[in-house]
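Welcome! Take a moment to look over the protein below, and then let us walk through a few of its contacts together.

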Amino acid sequence: MAVQAEEAGRPADDERLRRAEDREWIDALDYVIRARGGDRAVELLRTLIGRAAQFGVRVPHAVNTPYLNTIDRSEQPRFPGDRELERRIKSIVRWNAMAMVVRANRELDGIGGHISTYASAATLYEVGYNHFFRGPEHPEVEDLVYFQGHASPGIYARAFVEGRLSEADLRAFRRELRGSGGLASYPHPRLMPDFWQFATVSMGLGPIMAIYQARFARYLEDRGLMERSGRVWAFVGDGEMDEPESLGAVSLAAREELDNLVFVVNCNLQRLDGPVRGNGNIIQELETLFRGAGWNVIKVVWGDSWDPLFAKDDEGLLLARLEELVDGDFQRFSASSGAEVREQLFGVDPRLEKMVEHLSDHELERLRRGGHDPEKVYAAYKAATEHRGSPTVILAKTVKGYGMGEAGEGKNITHQQKKLNEEELRHFRGRFGIPISDDDVADAPFYRPAEDSREMAYLRKRREELGGWLPRRRGDRGEALPGLPDEVTAEFLEGSERPASCTMAFVRLLTNILKDPELGPRVVPIIPDEARTLGMDPLFRRVGIYSHVGQCYEPVDRGHLLYYREAKDGQILEEGITEAGCMGSFIAAGTSYSVYGVPMIPFFTFYSMFGFQRVGDLVWAACDMRARGFMIGGTAGRTSLPGEGLQHQDGHSHLVALAHPNVFAWDPAYAYEIAVIVRDGIRRMAVEREDVIYYLTLENESYPMPAMPDGAEEGILRGMYRVREAPVKARKSRRKGSRGRPLRARLLGSGAILREALAAQEILAEAGIAADVWSVTSYKALLGEALEVERSNRLHPGRREAVPYVTEALADGGVVVAASDWVKAVPQTIARWVPGRYACLGTDGFGRSDGREALRDFFEVDRRHIAATALAELARDGLIAGRTAARHIDELGIDPDSPPPERRDP
């Protein structure tokens, strides 16, 4: 090198030497790039890094690129649209989005809504609408767009300008209970079934659902069920990336080479309450995460007004200054005057001040961020759609509340901004050139250009060429699927003396369904790395585990019958240890009838404890999106999973399931119950096309599976049926209670505890008490029907009252004892309609590690406690003496003075 390293006596000498060295190395690199190209420059840099390592120099891990646009100005493609017309259309949409929220909150204070998110993202959406988003009538394929939930006012506003929504619709924003209906707060397919496709406002769910949607599209292609799919676009916020679901599956997207997936992260640097990374840089942080996971990263940081400044920055001074700032600084600059920007950003170095001396304060104030520059955004989108081999994330820097001025542009309060005063409305109107008079502006009127205007002609032409309007949900597409043939379920209805568990029976049934030539190919088994635990490993060899690249290795268990077989046309989605990922696949498969016109039936099988409890938000989203399918909670209940202990034992998922309106929850105990329930679910989902989810809880305890009693099917589906009458010896007993009333009881058992109720029946028979045993397959079904009957009776007071099914079924008389492997609140849901005295036993409290017998004794749901409870209720009803019941309880070995299970801590 021409400049030799030497000792310098003064700091100024050190600085001059450093600058000279920098200049010499930069000139050398520039020469290599110009003469030999970028690839040669990379080779030299790698050589230098290796040489430094030989001297023990630790080189920082360089996952980040400089804080610049990924696509240089010289590489930008020509913008194909009419910039001025697109700006005017975007401004009109901005105005209507703002007006809709402002008017809604004037009419009903506190109704809410969001202005600032769409204000920051308008350019990101409009470039997509005008040039990239392919609609449902596109001659090739349709794109899927996951819109950021808080930006929904902008999506409604565009639909209004397009003519898809009326002014009355916009006036009824968040007023859905008006007579003519209104617009939902956020993307809700359940409430707007012809408009929204995906429910995204529960933050973090949009990103993970988009990833698994893109993967499911490849699944359908690789299995020959769909010829070709479009691109999946996911619009998310930078603050939203804090949610674990947002980033939890990004490695899957890269591993599966999902180049049909594009994330657009709106980096407006602000959460709901303040900066996303006030002391850091969210764009650089996200670049590190996504690049490290194998994504193609495109940064859109600076708008075109910055290009001349970077062109002058020969020494890298401006870049160095921008890289030393944190996001809290940039947020402050977005709300600062031009003079303040000049002083605080550029005033730290005379050379930087000179760089912007030709710019006025107004021009400095308007230095645009990349996410507000249509040409920069277009270049990024084009590069993303042309990229192959990996998914792409676009990190676009914007200003939250862009254009709102003093009403909240770039300020911490902007997310909560719902109202603008007249002066602020005038500013907004003037900033975006909306043709509304001074006399009218205070009313925040909606504005749509004339039908024969250039704006409307351009807007319609662009969407026509791209395949029509979106978002748009199309409901059922294609033909209905067939029901389940009788031969598939026949063996389960006949029963078997050979012991089997409910999970084994289900796997056998699923295997039969997969063999069916018509229905089988449409079944999607989904498992979170628990197939062997749940006895599902026989399916590995039969239908294979889906892998886009097939199986690139020889599995270690290749010589075994049930070896781990991956295949490109595999049918099982074995997602690994991620219930959230499984729900992403479940939602994609369960909505495939609408999204792709390819109806599928997902069976998501999991440890029941890790279902509703862990991914309840995604289950709720599935309900919102009208998903169809089966959720199978294996090893269910709090006592059927011995040894696993507190965090594995589920006693409350049936309680949580009550809150999901279209989830039908079942707790079967026998194979024939499972067969009847699954057959009914397939009929409703595949044949009748109902938007329902069936949740079945199954346990792994083995016992003989009896044949289905005659006439039991109706009761199974209504929620309960009598599985066994009292033994003859008890029915013929001459023992009577007080006033000659017979000693009778009804024992309600379900799932894992049904057989304990049957055993309690024998104990009671020995005491001369006749007890019928009922299998309760669904407390939720009983509750739902009873509530409907009660409501009908309440609203028709002059009509003869109907009787709920549970009341009718238990009308024979006698005390009723319900025992289940769930918390007592589950059977207590039907208490109001149970005739006579009613007692509930359940597994309240934390689980323990032990065997089934000990656990059922601990939670007081075993046969002894069921029988003892029936005796106690008979005594409370005055049918037997209290001392008689106490004697029986003592004989059963029950300590009446022990604390309840939920208070028994070690």
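Here is a short briefing on one helix pair and several salt bridges.

Please keep in mind that this is a predicted model. Our tour begins with helices H24 and H26, whose axes come within 9 Å, and then moves on to the salt bridges, of which the structure holds 72.

**Two helices side by side**

- Two packed helices are described by the angle between their axes and the distance between the axes.
- Helix H24 covers residues 579-590 and helix H26 covers residues 612-624; their axes cross at roughly 10 degrees.
- Angles under 35 degrees count as roughly parallel, so H24 is roughly parallel to H26.
- On the H24 side, the contact is made by Glu579, Ala580, Met583, Phe586 and Ile587.
- These residues meet Arg614, Val615, Leu618, Val619 and Ala622 of H26.
- Sorted by kind, the residues of this contact are eight nonpolar and two charged, with no polar ones.

**Salt bridges between separate parts of the chain**

- Asp242 and Arg277 form a salt bridge, and their closest N and O atoms are 2.9 Å apart.
- Asp242 sits in the loop between strand E2 and helix H8, while Arg277 sits in the loop between strand E3 and helix H10, so this pair ties together parts that are 35 residues apart in sequence.
- Asp242 counts as partly exposed because its relative accessibility is 35%.
- Arg755 and Glu701 also meet through their side chains in a salt bridge, at 3.8 Å from N to O.
- This pair links distant parts of the chain, 54 residues apart: Arg755 belongs to helix H31, and Glu701 lies in the loop between strand E14 and strand E15.
- Are the two partners buried or exposed? Arg755 has 33% relative accessibility and counts as partly exposed, whereas Glu701, at 14%, is buried.

**A salt bridge within one helix**

- Arg718 pairs with Glu714 in a salt bridge, with 3.3 Å between the closest N and O atoms.
- Both belong to helix H29 (residues 712-718), and because they are four residues apart there, about one helical turn separates them.
- Arg718 is partly exposed, with a relative accessible area of 32%, and Glu714 counts as exposed at 52%.

**A network of charges**

- Which residues are linked in a network of salt bridges? They are Arg73, Arg83, Asp307, Glu375 and Lys376.

Methods. Residues are numbered from 1 along each chain as its sequence is written. This is a predicted model: local features need pLDDT of at least 70, side-chain atom pairs count only at pLDDT 80 or more; totals for chains, interfaces and linings use all residues. Side-chain values use heavy atoms; hydrogens and water are left out. Axes are lines fitted to C-alpha atoms, for helices over the stretch in contact, and angles run from 0 to 180 degrees between N-to-C directions. Helices (H or I, at least four residues) and strands (E, at least two) are DSSP runs, numbered from the N terminus. Angles under 35 degrees count as roughly parallel, over 145 as roughly antiparallel, 65 to 115 as roughly perpendicular and the rest as oblique. Contact means heavy atoms within 4.5 Å. Ala, Val, Leu, Ile, Met, Phe, Trp, Tyr, Cys and Pro count as nonpolar, Asp, Glu, Lys and Arg as charged, and the others, Gly among them, as polar. A salt bridge is a side-chain nitrogen of Lys or Arg within 4 Å of a carboxyl oxygen of Asp or Glu. Buried means under 20% relative accessible area, exposed over 50%, partly exposed in between (1.4 Å probe, protein chains only).
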